[in-house]
Amino acid sequence: MSTLTAQVPLTDAELKLLQTLIYQECGMYFDERRTHFLRDRLQRRLKACNLESFYSYYRLLTSREGKQELHLLLENLTVNETSFYRVRPQLDLFQRRILETLLHKKQDRRDWTLRIWSAGCSTGQEPYSLAMLVCDALAYYYLRNPLPFDMPVPKPLVPPPWKVEIVASDINYSALLTAGQGIYNEIQMEPVDYATRLRYFDKAADKYAVKATLKSLIQFDFHNLKTEFLPQRNDVIFCRNVMIYFDEAEQKRLVDKFYRCLNPEGYLFVGHAESLFGLTKKFHMIHENNATVYQRVEEAQ
Ligand SMILES: C[S@@+](CC[C@H](N)C(=O)[O-])C[C@H]1O[C@@H](n2cnc3c(N)ncnc32)[C@H](O)[C@@H]1O
C-alpha cells in the first residue's frame, strides 16, 4: 500500500502570500534554498486543519480565529537545534574576558546587578549554560577577591550582594515549555562534564533536572524579535543562530533593537557563522581566540 498522501497544489501566488505573512509576523525569510522546507510544513499544517486550499489556509491565518494556528505554523517553521556549551570558544570569551571585565567595572560602581538575555533560547541549553558559567565565574572571582563579610552557609550560587538576572526568550512556546522544565536526557547532557552535573543538576530517573537554585536565576518569556517590546537594560545579549533565518533588512532592524536593549558598552554575541559586518556601525568587534563579540559603541566616543 502506498504511504504517499495527495498534496494540495500550492500556487506561486499563494506561496508568496504565505511567505510575506510569515516574514511580517516573525522576520523569518524563506529564500529558494528553504522553500522546500516551507512547502513541506505548509502541507502538514493544511492537512492538520483539514482545509482544501492554501488560500483558505491564508484566510484562516489572517483571521481572528486563526491566531492559534498562526502560532502553530510559526512553531513548525522554527529550527530549534541547540546544545549545552554550544561553541565553547565564544563562551570562554564570555566567561574569561567579558564577565571578568563586567564584574570589576560593576563592583567599582557598586552596581551589583548582572543582566543577560538569551534571545532565541530554544529548549534552554543556552541560558542554563550561561547561568552555570556566571555562577562559576562569581565563585572563582570571590576565591581571588574574598568578600568583606562571611559568606552565608550553605554558600548561595550567587554571592550577595550580586543579583543575576537571565532572561531567556523564544517565539516557540513548546520549546519554552521544555526550557522551563529543565529536564535533559543523557545525549543532551553529553557536553556537560561530571563536576558540573553534580553542582547544577539532580538525577531524575534516567534524566537530569536542573536544580531549582540555578533555574531561579532565569526568567523564561515569550518574545517575538520582530516586535519592539523586548527586554531592556541588558549587560550582555546572546542571539546566536537566529538572525541566520532573517533577511538583511530584518537583521539590520534587529541589530538596532539590540543596541537599544543593551546598557552602555554592553556586549552582543551572535552565532559563530553570523556577523554584524555590513549591518551596523554601532558596535565594534572584539575577536580573540577564535571567538567574536560585539561591543556597543557610545555616541560620545
Ligand atoms: C537554532 S535555535 C538557536 C538556539 C540557541 N540560541 C543556540 O544557538 O543554540 C533558533 C531559535 O530562534 C527562535 N526564533 C526564530 N525566530 C524568532 C523570532 N522572531 N523571535 C524569537 N525567537 C525566534 C526559534 O524558535 C529557535 O528556538
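The expected span of a helix is 1.5 Å times one less than its number of residues. In this predicted model, helix α6 covers residues 125-144, which makes 20 residues. From its first C-alpha to its last, α6 reaches 29 Å, close to the 28 Å expected at 1.5 Å a residue. Of the 20 residues of α6, 15 are buried, so the helix is largely enclosed by the rest of the structure. An α-helix has 3.6 residues a turn, so residues three or four places apart point the same way.

The strands were examined next. Seven strands form an open sheet with mixed pairing, in the order β6-β2-β1-β7-β8-β10-β9. Its edge strands are β6 (218-222) and β9 (283-288), each of which pairs on one side only. Direction ignored, neighbouring strands of this sheet are turned by 20° against each other on average.

Within the sheet, β7 (residues 234-239) stands between β1 and β8 in the strand order. Strand β1 (residues 113-119) runs parallel to β7, and three bridges join the two. On this side, W117 has I237 of β7 as its bridge partner, and S118 has F238 of β7. The pairing of β7 with β8 is also in the parallel sense, over five bridges. Here N234 stands opposite L262 in β8. Six of the six residues of β7 are buried, so this strand is largely enclosed by the rest of the structure. Helix α11 (residues 248-261) lies across β7, and also across β1, β8 (262-270), β9 and β10 (291-296). The helix runs at about 140° to β8.

Aromatic side chains were then considered. A pair of aromatic rings is described by the distance of the centres and the angle of the planes. The count comes to 16 aromatic pairs. In one of them, the rings of F84 and F201 have their centres 5.9 Å apart and their planes at 85°. Planes over 60 degrees apart count as edge-to-face, so the pair of F84 and F201 is edge-to-face. Residues under 20% relative accessible area count as buried. F84, at 1% relative accessibility, is therefore buried, and F201 is buried with a relative accessible area of 5%.

The rings of Y128 and Y184 have their centres 6.1 Å apart and their planes at 80°, so this pair is edge-to-face. Here too the pair links distant parts of the chain: Y128 lies in helix α6 and Y184 in strand β3 (residues 183-184), 56 residues apart. Y128 is buried, with a relative accessible area of 0%, and Y184 is buried, with a relative accessible area of 0%. F84, F201, Y128 and Y184 are among the members of one aromatic cluster, which also includes Y208 and F220. Over the ring of Y208 sits the charged end of R197, 5.0 Å from the ring centre.

Some features of the backbone remain to be described. Most residues other than glycine have a negative phi, and most peptide bonds are trans. The peptide bond that joins P160 and P161 is cis, with an omega of about 5°. P161 has its place in the loop between α6 and β2 (163-170).

Positive phi values occur at V87 and at A205. For V87, a residue other than glycine, phi is near 55°. With a relative accessible area of 26%, V87 is partly exposed. Phi of A205 is likewise near 55°, in a residue other than glycine. A205 is found in the loop between β4 and β5 (207-210). A residue counts as exposed over 50% relative accessible area, so A205, with 72%, is exposed.

Notes. Residues are numbered from 1 along each chain as its sequence is written. This is a predicted model: local features need pLDDT of at least 70, side-chain atom pairs count only at pLDDT 80 or more; totals for chains, interfaces and linings use all residues. Side-chain values use heavy atoms; hydrogens and water are left out. Helices (H or I, at least four residues) and strands (E, at least two) are DSSP runs, numbered from the N terminus. Buried means under 20% relative accessible area, exposed over 50%, partly exposed in between (1.4 Å probe, protein chains only). Two strands pair if DSSP finds at least two bridges between them. Axes are lines fitted to C-alpha atoms, for helices over the stretch in contact, and angles run from 0 to 180 degrees between N-to-C directions. Contact means heavy atoms within 4.5 Å. Rings of Phe, Tyr and Trp (its six-membered ring) pair if their centres lie within 6.5 Å; planes under 30 degrees apart count as stacked, over 60 as edge-to-face and the rest as tilted. A charge sits over a ring if NZ of Lys or CZ of Arg is within 6 Å of the ring centre and within 35 degrees of the ring normal.
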